[in-house]
Amino acid sequence: MLRNRSIGLAAIVLVGVLVATLLHATGYFQPIENLVSTVLAPLQYSFHWISARIGVGVQTLRDLSSLQARVLELEGTIDRLMIENVRLREAEIELADLRQQLNFKRANPTYDLLAAEVIGRDPSNLLHYIVIDRGTQDGIVVGMPVVTARGLVGRVTSAYPQSARVILITDLSSSVNALIQSSRATGLIQGQGRQKLLMRYVEQGEQVEIGDIVLTSGLGGNFPKRLVIGQVAEVKSNNVDMFQEVWVESAVDFDRLEMVLVVLGFASTD
Amino acid sequence: MLVLLLGVAMLQTTTLRWFSVGGVVPDLMLVLVVCWGLLREWRDGLTWALLGGVILDLLSGGPFGATSLSLTGAVTAARAATVSISRDSIWLPAGASLLATAVYDVSYLLLLRVSGRPVSWSAGLFQVLIPCLVLNAPTIYPVWWAMRRVHRRTIVEKMG
């Protein structure tokens, strides 16, 4: 009896499926499908939303270790690029400096110039000397003038086999015979310990204007002629004194001196 | 000791210029020998001042001996002025630095004058001495603390 009931049930289900298939093919099943879809769709969406979140979380955990490796790799690349950038920037500055010196050399073909690097300063704050990395082995001799493309730096006072000491024109014991380019007024530049220099013994009647270029005059034979020293920054004169006091701003920034040129073959008469 | 003094001399003539203020750098050698002169006996400070001074004189364009004599005077003055002050006082290094810097720079200017070099007292005072007083005072503290540790360690070894 039970077996007959089962066969009957199966037959009914089979007929039902056949009818549904026929109805679906003819389009009569559409309203039922719509109803079922309306009920099931939100449920389906909810399940999809939850599983999607879980899926993202699982994927994130999987990606975490590879992301960490990628971050480390990128950080390494950034570090390398930063170092490279610094190196290239330094090379750019050095190139600009060397171009300036080359232009100076081309503009002054009569001078035999030797490039040197500043490797030290005087330990005393009261004195103004630098040490360069060229010496007697390179042909450096005491008394040789030292310049940069911007202007006069000083003079070699001591020469050793591989280095030399240079007194800067800002030192109090330094003096340079100079002239004002426009008026040709002569005087003596004396170091005052800082960037400004004092030009003494300029006669009262001489025309001196702020901004005038000051050059070496070549008098005394200590320095070649027409090397730029600086520009007039201030003029102090009164009718009582015999001479004017002319303050000159040096063309060279002595605090940032890194490379200089030694004028070889110039024999100081000192 | 010689290696330390040579190292300090190299720092003072090369690296320290990157930390200059108005073209003036801290007097690292002065600060070092003053610290040692205060922590140890006077003759220890004197020895360091003389040796450190000779090294700086060899690197300087100034008259030979000017640095060593000036350093010796500075250490002596700092020691004499602080003999009754506790070495644990927090103001001791700064006070010693101010006095030592003044004695050092004035001595050096006098020696330059005696050696026949032109000297500008106003430039020396306003461009060098005053900035050095300001720079050396904070510089002495890390040196003081470092030298105190060295002093304590070497004293223990000596007694042991």
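Strands β6(A) and β7(A) run antiparallel to each other and are joined over five bridges. The model described here is predicted, and in it the two strands belong to a six-stranded barrel of chain A. Chain B, by contrast, has six helices and zero strands, and 28 of its residues are in contact with 18 residues of chain A.

**The barrel of chain A**

- The barrel closes through six strands of chain A in the order β6-β7-β8-β11-β10-β9, and the pairing between them is antiparallel.
- On average, and with direction ignored, neighbouring strands of this sheet are turned by 40 degrees against each other.
- As a general point, the strands of a sheet pair through backbone hydrogen bonds, in either a parallel or an antiparallel arrangement.

**Two residues with positive phi in chain A**

- Arg184(A) is not a glycine, yet its phi is positive, at about 65 degrees; the residue is found in the loop that runs between β6 (175-180) and β7 (186-191) of chain A.
- Arg184(A) counts as exposed because it has 11 C-beta neighbours inside 10 Å, where the cut-off for an exposed residue is 12 or fewer.
- Tyr201(A), likewise a residue other than glycine, has a positive phi near 60 degrees, but its place is in strand β8 (residues 196-203) of chain A.
- Tyr201(A) counts as partly exposed, because 16 C-beta neighbours lie inside 10 Å of it.

**The side of chain A that touches chain B**

- In the contact between the chains, 18 residues of chain A face 28 residues of chain B.
- The elements of chain A that give two or more residues to this side are β1 (112-121) and β5 (164-168).
- Sorted by class, the side of chain A that touches chain B has six nonpolar, seven polar and five charged residues.

**The fold of chain B**

- Read along its sequence, chain B follows the pattern α-α-α-α-α-α.
- The radius of gyration of chain B is 15 Å, close to the 15 Å that the globule rule gives for 160 residues, so chain B is as compact as a globular protein of that length.
- Taken along the principal axes, the C-alpha atoms of chain B fill a box of roughly 50 × 30 × 30 Å.
- Of the 160 residues in chain B, 40% are buried.
- Among the contacts in chain B with a separation of 6 or more, 65% are between residues 24 or more positions apart.

How values were computed: Residues are numbered from 1 along each chain as its sequence is written. Chains are lettered from A and ligands numbered from 1 in the order in which they are written. This is a predicted model: local features need pLDDT of at least 70, side-chain atom pairs count only at pLDDT 80 or more; totals for chains, interfaces and linings use all residues. Two residues are in contact if their C-beta atoms, placed from the backbone, lie within 7 Å. Helices (H or I, at least four residues) and strands (E, at least two) are DSSP runs, numbered from the N terminus. Ala, Val, Leu, Ile, Met, Phe, Trp, Tyr, Cys and Pro count as nonpolar, Asp, Glu, Lys and Arg as charged, and the others, Gly among them, as polar. A residue is buried if 20 or more other C-beta atoms lie within 10 Å of its own, exposed if 12 or fewer, and partly exposed in between; C-beta atoms are placed from the backbone. The radius of gyration is taken over C-alpha atoms; the globule rule is 2.2 Å times the number of residues to the power 0.38. Two strands pair if DSSP finds at least two bridges between them. Axes are lines fitted to C-alpha atoms, for helices over the stretch in contact, and angles run from 0 to 180 degrees between N-to-C directions.
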